[in-house]
Amino acid sequence: MVHTVETATAYVIEALEAKGTASHEDFDVPGIVTATHSLSGTWDFHVVDRGRFWGIAATFLRH
């Protein structure tokens, strides 16, 4: 599978909504995608440490 910004965005939305406690609308999804890609150097977010991913996502929670 080719990983792109689009597949990374879909991954983020799916991960955020899988918990059932929040909507992707509660987060700055493009910000999460950009920061995660910048720190990991890949669009394949499946290889990103889950703790790191959730730490990044938490910083992009909209208030």
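Helix H1 (residues 5-18) packs against helix H2 (residues 29-40) at an angle of about 115 degrees, and their axes are 10 Å apart. Axes here are lines fitted to C-alpha atoms, for helices over the stretch in contact, and angles run from 0 to 180 degrees between N-to-C directions. Helices (H or I, at least four residues) and strands (E, at least two) are DSSP runs, numbered from the N terminus. The structure is a predicted model, in which local features need pLDDT of at least 70 and side-chain atom pairs count only at pLDDT 80 or more, while totals for chains, interfaces and linings use all residues. Residues are numbered from 1 along each chain as its sequence is written, and side-chain values use heavy atoms, with hydrogens and water left out.

The crossing of H1 and H2 is right-handed; a crossing is called left-handed if the near helix is turned anticlockwise from the far one by less than a right angle, and right-handed if clockwise. On the H1 side, the contact (heavy atoms within 4.5 Å) is made by Val5, Ala8, Thr9, Val12, Ile13 and Leu16, and on the H2 side by Val29, Ile32 and Val33. By class, this contact has eight nonpolar residues, one polar residue and no charged residues. In this classification Ala, Val, Leu, Ile, Met, Phe, Trp, Tyr, Cys and Pro count as nonpolar, Asp, Glu, Lys and Arg as charged, and the others, Gly among them, as polar.

Ile32, located in helix H2, deserves a separate description. It is buried, with a relative accessibility of 0%; buried means under 20% relative accessible area, exposed over 50%, and partly exposed in between (1.4 Å probe, protein chains only). Leaving aside neighbours within four places in sequence, Ile32 is in contact with Val12, Leu16, Phe27, Phe53, Ile56, Ala57 and Phe60. Between Ile32 and Thr59, 27 residues apart in sequence, the C-alpha to C-alpha separation is 8.3 Å.

His37 also belongs to helix H2, but this residue is partly exposed, with a relative accessible area of 25%. Apart from neighbours within four places in sequence, His37 is in contact with Thr42, Trp43 and Phe45.

Leu61 is partly exposed at a relative accessible area of 38%, and its contacts beyond four places in sequence are with Asp26 and Phe27.

Viewed as a whole, the protein chain has three helices and zero strands, and its elements run α-α-α from the N terminus on. The radius of gyration is 11 Å, close to the 11 Å that the globule rule gives for 63 residues, so the chain is as compact as a globular protein of that length. That radius is taken over C-alpha atoms, and the rule is 2.2 Å times the number of residues to the power 0.38. Along the principal axes, the C-alpha atoms fill a box of roughly 30 × 20 × 20 Å. Buried residues make up 29% of the 63 residues. Of the contacts between residues at least 6 apart in sequence, 58% join residues at least 24 apart.
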